[in-house]
Structures are given as C-alpha cells and as structure tokens.
Amino acid sequence: MSNFRATAGIKILISLLLINLLSACQREVTLHATQPELQTVTTMTLIPSTSYQHIQEFSGSIRAGNTTGIGFELSGKIKQLAVDSGEQVEEGQLLARLDTRLLEAEKLELIASLSQNSADLALATSTLNRSEKLKQQGYTSEQQLDELKGQLASLQAAKKRLEASLQANTLRIEKSSLMAPFDGVISQRNTNLGEVIALGTPVFTLVQNNNPQAFVGVPIKVAQSLKASQAVSLRVADKDYQAKIAGIGAEINPITRTVPLRLLLPQDSNLINGELAYLAYQKTIEQAGFWVPISSLTDGIRGLWNLFVIAADETGAKEESFHIERRDVEIIYTKDDQAYIRGAVNSGEEFISQGLHKLVVGQKVKPGTNVASR
C-alpha cells in the first residue's frame with residue numbers, strides 16, 4: 001500500500017513539472033512574438049550637389065616626331081648594310097653604302113682631263129706672251145693675238161667646267177653613303193644586300209628617339225574650348241602623362257568628323273610608335289543632384305531607377321522605428337561605382353546603400369551607422 005502511494009506521488013510530481021515547463025515555453029513564444037527582431041541596414045545620407053564633373057575620353061595614337069623612310073639620293077647597287085631593324089643609331093652614323101666603282105673611275109677621268117687642261121693652259125699662256133713681244137717688233141698681227149687670247153679663254157672656261165664636274169662627282173660619292181639624319185631606332189629594313197635600287201627608294205624606316213607625340217581627334221566644341229600650350233591629361237597603357245597641346249587642327253577630318261590635336265609628351269616617356277592614347281577631357285555640368293553608390297539602386301519602370309529610403313514610423317512608441325520607402329530617381333551620370341541622380345528625394349534623407357536583395361518596401365528595419373555620401 002505504501003509503494004502504491006509513493007508511485008502515485010511521483011507521477012503527480014512529474015505531471016506538475018511538465019505543466020510548468022509547457023507554461024514557460026508558451027510565455028517565451030509569446031514574448032518573442034510580441035518583440036520581433038528588426039533587420040539592421042547600412043544607410044547613408046543624401047547630400048545635395050549643384051554640379052558634377054563630366055569626364056570624356058577621346059582616343060588617338062602615339063607617333064614619333066619624325067618617322068622617316070630613309071633612302072639614297074642616287075640609284076645604284078647596295079654594297080653594304082651597316083645596320084638592321086631594331087638597332088639604335090645616332091645622328092651621322094653610317095647606315096648603308098652603294099657601289100661607287102663607276103664614280104671612282106669617272107673621278108680619275110676628270111682628274112686626268114684637268115691635268116691636260118692645265119698643260120694646254122700653260123702652253124697657250126706662253127704662246128700669247130711671246131706673240132705680244134713679237135708684236136712690239138712688228139712680227140705678229142692683231143688677228144693672231146686675238147686668236148691666241150680666244151684660245152686661252154676657252155681653255156680657262158674648260159677648266160672651270162672640269163672642276164665643277166669633279167666637285168659633282170665627289171658629292172655623288174659622298175651621297176653614296178647613307179647617314180642617319182637623327183638619333184633613333186631602325187624600325188624596318190626594306191632592301192637587301194646587292195639589290196639595285198631606284199632613285200629615292202627607302203632603304204630603312206627610322207623612328208626618332210626622345211620626341212614622342214600623340215595625335216587625338218576631338219569634337220569641334222571640345223577643340224574650341226582648348227588652346228595651344230594647355231596642359232592636358234593623357235593615358236597610355238594604364239599610365240597617366242601630363243601632355244601639352246602643341247597644335248590644334250584647322251580642318252575637320254572628313255571620316256571621323258573630328259578636329260586633330262597634336263600633343264607633346266615628356267621626352268623620357270618610354271612609348272612605342274602606334275600605341276593607343278586616351279585624352280581625358282573634364283567639363284563641369286551645372287545640374288543639381290546627389291551622389292549615391294550604384295549598389296543602392298534597383299531597376300524601376302519606364303526607364304527610371306529606385307532608391308530605398310528609410311522613413312520614421314509615427315507610432316508613438318518609446319523607441320523610434322523605421323520602414324522602407326521606394327523613391328523613383330533618374331541617373332544623370334556614372335563614374336566608377338558612383339551615380340549622380342535626381343528625382344523624388346530630398347536633402348538629408350537616409351537611404352539604404354547595400355543589401356537591397358534582402359529587403360522589401362514597407363519592411364520595418366533598424367538603421368546602422370550613417371556614412372555621408374560624397
């Protein structure tokens with residue numbers, strides 16, 4: 001009998017404990033249901049701006065100050081090629097030479113003709129002097145003297161002609177050696193050893209050192225806003241350079257409909273002929289708006305975008321609460337990860353800057369740390 005009572009007492013005690021546990025759980029569920037956990041969002045403040053900097057890039061190419069096809073002023077057979085493509089050369093350095101054997105033979109012939117002329121001149125001079133002495137004694141006529149003087153003058157003229165021919169021959173021999181007109185790099189060799197070339201045929205293409213220039217085409221309005229010697233920013237292969245405008249074209253390119261600009265770069269710029277160059281042109285646009293991160297915008301309708309703004313609830317609660325409102329905005333300009341907008345927003349309003357995929361309009365949220373937008 002005593003065992004039965006003890007067992008019944010234990011069962012009653014267990015039942016009371018279970019009832020208490022269930023009551024506690026019910027109170028906890030009720031507590032959580034009446035005090036929901038609000039999602040924390042990152043917000044920023046809308047700061048107004050009266051204008052923004054509009055940056056445009058115009059493309060062009062790098063060219064050396066002189067890129068010259070160098071050739072002989074004479075025709076002939078190439079006897080020597082002293083350099084090849086890719087080699088650095090200095091001003092006055094020998095690049096190539098023509099076969100000059102025919103010119104050397106012509107030079108010897110002219111020297112011999114000059115020697116003969118000198119001998120004829122000496123004889124004519126002596127004969128004229130003797131004839132003048134004989135005339136004083138009456139043994140020579142005036143006609144003979146005139147003939148001797150004419151012969152002497154003809155020989156003197158022949159001497160000048162031979163000297164001029166010898167000088168021209170010497171100059172042709174000198175021009176048979178091709179010299180570098182400036183310091184540079186041989187970018188291309190166009191002929192081979194032993195080849196017979198015509199007058200003016202380019203043997204090498206020489207690109208000048210330490211004189212890089214950029215040629216960029218810009219619209220007419222941009223060209224009219226620039227001036228000579230103005231400093232501009234130029235980007236070549238992800239590197240920025242400070243260039244100076246050396247010249248602005250006077251006519252429009254009929255194909256691109258742009259005005260060409262010639263820009264001078266620093267002499268120590270290590271650039272290659274033909275590289276792409278980008279001119280950065282910055283212009284101030286007077287337009288009121290706000291800068292916001294692109295991550296704070298979502299697609300809207302009719303070409304507009306949406307910005308999520310948090311607004312305070314009017315509940316009269318002890319702690320201020322907020323909910324999400326959607327505002328229609330228009331993107332005016334973008335730069336990197338920022339957008340310049342205008343629309344149904346006001347200065348000083350707080351907007352959600354990221355994590356929009358987790359939120360819906362009307363949702364109650366708790367703002368995080370405010371960070372002013374630029």
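**View 1. Ser-177, a buried residue at 17% relative accessible area.** Buried means under 20% relative accessible area, exposed over 50%, and partly exposed in between, with a 1.4 Å probe and protein chains only. The model is predicted: local features need pLDDT of at least 70, side-chain atom pairs count only at pLDDT 80 or more, and totals for chains, interfaces and linings use all residues. Residues are numbered from 1 along each chain as its sequence is written, and side-chain values use heavy atoms, with hydrogens and water left out. Ser-177 lies in strand 7, residues 177-179. Strands (E, at least two residues) are DSSP runs, numbered from the N terminus. Beyond neighbours within four places in sequence, Ser-177 contacts Phe-72, Leu-94, Ala-96 and Arg-97. Contact means heavy atoms within 4.5 Å.

**View 2. The open sheet of 4 strands, in the order 7-6-4-9.** Its pairing is antiparallel. Strands 7 and 9 (196-197) form the edges; each has a single partner strand, so one side of each lacks a neighbour in the sheet. Two strands pair if DSSP finds at least two bridges between them.

View 3. Gly-76 has Ile-197 of strand 9 as its bridge partner.

**View 4. Glu-320, an exposed loop residue.** The loop links strand 17 (305-312) and strand 18 (322-335). Relative accessible area at Glu-320 is 57%. Glu-320 and Lys-366 are 46 residues apart in sequence. In space, their C-alpha atoms are 9.3 Å apart.
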